[in-house]
Protein chains: 2
Amino acid sequence: MRIPSLILRIYLDAEGHIGHGKIELLENIRSCGSISAAGRAMNMSYRHAWVLVDQMNRSCGRAVVETQEGGKHGGGAVLTPLGSSLVARYRKIQRSVENATRKELLALQVDLGGQGAPP
Amino acid sequence: MRIPSLILRIYLDAEGHIGHGKIELLENIRSCGSISAAGRAMNMSYRHAWVLVDQMNRSCGRAVVETQEGGKHGGGAVLTPLGSSLVARYRKIQRSVENATRKELLALQVDLGGQGAPP
């Protein structure tokens, strides 16, 4: 049975967009305190995680993650206020979209021949 | 100045999704009465338009477009009731999403250093 679902991407400029993966990475950086640990938590290489952070920093025109060099564990990373705000706004937008579209997605599912799931 | 915008894609199964381009193609098929004319209206080759229609027919498990062979102009194409319903539901979902997220996208724009646009 098909269950129609939405994907949400926020385009910040012509090149860069923020979607579920990047927001989850930011949340993991916040909880893990480092880009490498956050990447590991998502089965993502350090290099890939770093590239995504770099893309976000550039798309936003300012840093969303700040890194500290050195230290016992090779430095850490924290979200900037802009990074924290970006996560909060994305999640709020996501909840708004889910609430606003639930009924129509369910109707679409029925159109497509699936049973409507209980609300 | 960055103006954050949303992209909306509806996933119908693991492979297929419906987004702005496919919906616009369906709307053009409805108004033009053929896949080739609808494609031309979007600067899209007949082949590309046909592939997109085929993907939608398969993702939905039933036809969203029906074609008629032959005739003076090489046959035509019409939306099935499912195709019409898909267009209507997508546009309704799009309006709901726009209404539900306008305020947060504006706030995000201000966070990113842009002026908030007038509502």
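Glu104(A) forms a salt bridge with Lys92(B), the closest N and O atoms being 3.2 Å apart, and because Glu104(A) lies in helix 4 of chain A while Lys92(B) lies in helix 4 of chain B, the pair joins two chains. These values come from a predicted model. Two further themes are the sheet that runs 2(A)-1(A)-1(B)-2(B) across both chains and the rotation of 180° that superposes chain B on chain A.

**Salt bridges between the chains**

- Salt bridges that share partners link Arg89(A), Lys92(A), Glu104(B) and Asp111(B) into one network, and the count over all chains comes to ten salt bridges.

**How the two chains are related**

- Chain B is superposed on chain A by a rotation of 180° with 0.0 Å of shift along its axis, at an RMSD of 0.0 Å, which is the relation of a two-fold axis.
- Of the interface residues of chain B, 100% are also interface residues in chain A, so the copies meet through the same surface.

**The sheet shared by both chains**

- Four strands, in the order 2(A)-1(A)-1(B)-2(B), form an open sheet whose pairing is antiparallel.
- Strand 2 of chain A and strand 2 (17–18) of chain B stand at the edges with a single partner strand each, so one side of each is left without a neighbour in the sheet.
- Where the chains meet in this sheet, seven bridges join strand 1 (residues 5–11) of chain A to strand 1 (residues 5–11) of chain B, and the two strands run antiparallel.
- Within that pairing, Arg9(A) has Ile7(B) as its bridge partner, while Ser5(A) stands opposite Tyr11(B).
- Helix 4 of chain A lies across strand 1 and strand 2 of chain A together with strand 1 of chain B, and runs at about 145° to strand 1 of chain A.

**The fold of chain A and its first helix**

- Chain A has four helices and four strands, and read along the sequence they follow the pattern β-β-α-α-α-β-β-α.
- Buried residues make up 41% of the 119 residues in chain A, and among contacts in this chain with a separation of 6 or more, 49% are accounted for by residues 24 or more positions apart.
- The 13 residues of helix 1 (residues 20–32) of chain A should span 18 Å at 1.5 Å a residue, and the end C-alpha atoms are 18 Å apart, which agrees.
- Helix 1 of chain A has Lys22(A), Ile23(A), Leu25(A), Leu26(A), Asn28(A) and Ile29(A) as buried residues.
- The cover over these buried residues includes strand 2, helix 2 (35–41), helix 3 (46–59), strand 3 (65–68), strand 4 (76–79) and helix 4 (81–111) of chain A.
- Gly33(A), whose phi is positive and near 80°, follows helix 1 of chain A.

**A buried loop residue in chain B**

- Ser34(B) lies in the loop between helix 1 (20–32) and helix 2 (35–41) of chain B.
- With a relative accessible area of 12%, Ser34(B) is buried.
- Leaving aside its neighbours within four places in sequence, Ser34(B) is in contact with Ile29(B), Gly75(B), Gly76(B) and Ala77(B).

Key
Residues numbered from 1 in each chain as written. Chains lettered and ligands numbered in written order. Predicted model: local features only at pLDDT ≥ 70, side-chain atom pairs only at ≥ 80, totals over all residues. Heavy atoms only, no water. Pairing = 2+ DSSP bridges. Least-squares fit on C-alpha atoms with pLDDT ≥ 70 in both. Contact = heavy atoms within 4.5 Å. Expected span 1.5 Å × (residues − 1). Buried < 20%, exposed > 50% of the residue type's maximum accessible area, 1.4 Å probe, protein only. Salt bridge = Lys/Arg side-chain N within 4 Å of Asp/Glu carboxyl O. Axes fitted to C-alpha atoms, helices over the stretch in contact; angles between N-to-C directions.
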